[in-house]
Amino acid sequence: MTTKTQKINDLSAFDGLKEAQEAGIDIEIKDPSGQPIGVSIRVAGPDSERQRKVMKALTNERINNEDLSTATAEDIEVNTLKILAASVISWSPIVLDGSDLPYSEENAIRLFTRFPFIREQIERKAGKRTGFMKRS
């Protein structure tokens, strides 16, 4: 089996990738059956300052804890939620329990915890550089 690979002769083709990740992309949220629900969440990419800053802070927190062997699945889950919440730049109006849910990192964590299907969509897109690349 032969695979076709694309060769890039000039790496400057990737110059805009970090800026695109800082600007973010809009993710149209779908319900568990795949139908759009009228909510869009704008997220920054994995190389964005938003994600890098929170990852560094969480790493420093673990290092300062001095006992690095005590990480639990719950710790990893909480850290992942913090990174995802930090990657959110904004969202279209979201109504939760009859009231508008304004964007904040705390509300993003609340939303992702309560609705795992939303979290999964954000996690899938916010963690991959490919969604931030310009299509030629």
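Two strands are taken as paired if DSSP finds at least two bridges between them; helices (H or I, at least four residues) and strands (E, at least two) are DSSP runs, numbered from the N terminus. The model is predicted, and local features need pLDDT of at least 70, side-chain atom pairs count only at pLDDT 80 or more, and totals for chains, interfaces and linings use all residues. Residues are numbered from 1 along each chain as its sequence is written, and side-chain values use heavy atoms, with hydrogens and water left out.

Strand β1 (residues 25-30) runs antiparallel to strand β2 (residues 36-43), and the two are joined by 6 bridges. Within this pairing, I27 is placed opposite I41 of β2. The two strands make up a hairpin with 5 residues between them, and G34 in the turn has a positive phi of about 95°. Strand β2 is also joined to strand β3 (residues 88-91), again in antiparallel fashion, by 3 bridges. R42 has S90 of β3 as its bridge partner.

A nonpolar core is defined as a set of buried Ala, Val, Leu, Ile, Met, Phe, Trp, Tyr and Cys residues joined through side-chain atoms within 4.5 Å. Buried means under 20% relative accessible area, exposed over 50%, and partly exposed in between (1.4 Å probe, protein chains only). The largest nonpolar core has 22 residues, of which I41, V43, W91, L111, F112 and I122 touch the most other members. Two or more residues of this core come from each of β1, β2, α3 (73-87), β3, α4 (105-114) and α5 (116-126).

Contacts (heavy atoms within 4.5 Å) were listed for several residues. With neighbours within four places in sequence left aside, V43 is in contact with residues including I25, I27, V88, I89, I122 and F132. Q121 of helix α5 is buried at 12% relative accessibility, and beyond residues up to four places away in sequence it touches I27, E28, I29 and K30. L58 belongs to helix α2 (residues 49-65) and is buried, with a relative accessible area of 7%. Apart from neighbours within four places in sequence, L58 is in contact with N79, K82 and I83. The C-alpha atoms of L58 and I83 are 9.0 Å apart, with a separation of 25 residues in sequence.

A salt bridge is a side-chain nitrogen of Lys or Arg within 4 Å of a carboxyl oxygen of Asp or Glu. The structure contains 4 salt bridges. One of them joins the side chains of D26 and R42 (3.0 Å, N to O). This pair links distant parts of the chain, with D26 in strand β1 and R42 in strand β2, 16 residues apart. D26 is exposed, with a relative accessible area of 52%, whereas R42 is partly exposed at 23%.

In the salt bridge between R114 and D97, the closest N and O atoms are 2.8 Å apart. R114 lies in helix α4 and D97 in the loop between β4 (95-96) and β5 (99-100), so this pair ties together parts that are 17 residues apart in sequence. R114 is partly exposed at 43% relative accessible area, and D97 is exposed at 59%.

A salt bridge also forms between the side chains of R119 and E123 (3.4 Å, N to O). Both residues lie in helix α5, 4 residues apart, about one turn of the helix. R119 is buried at 12% relative accessibility, while E123 is partly exposed at 34%.
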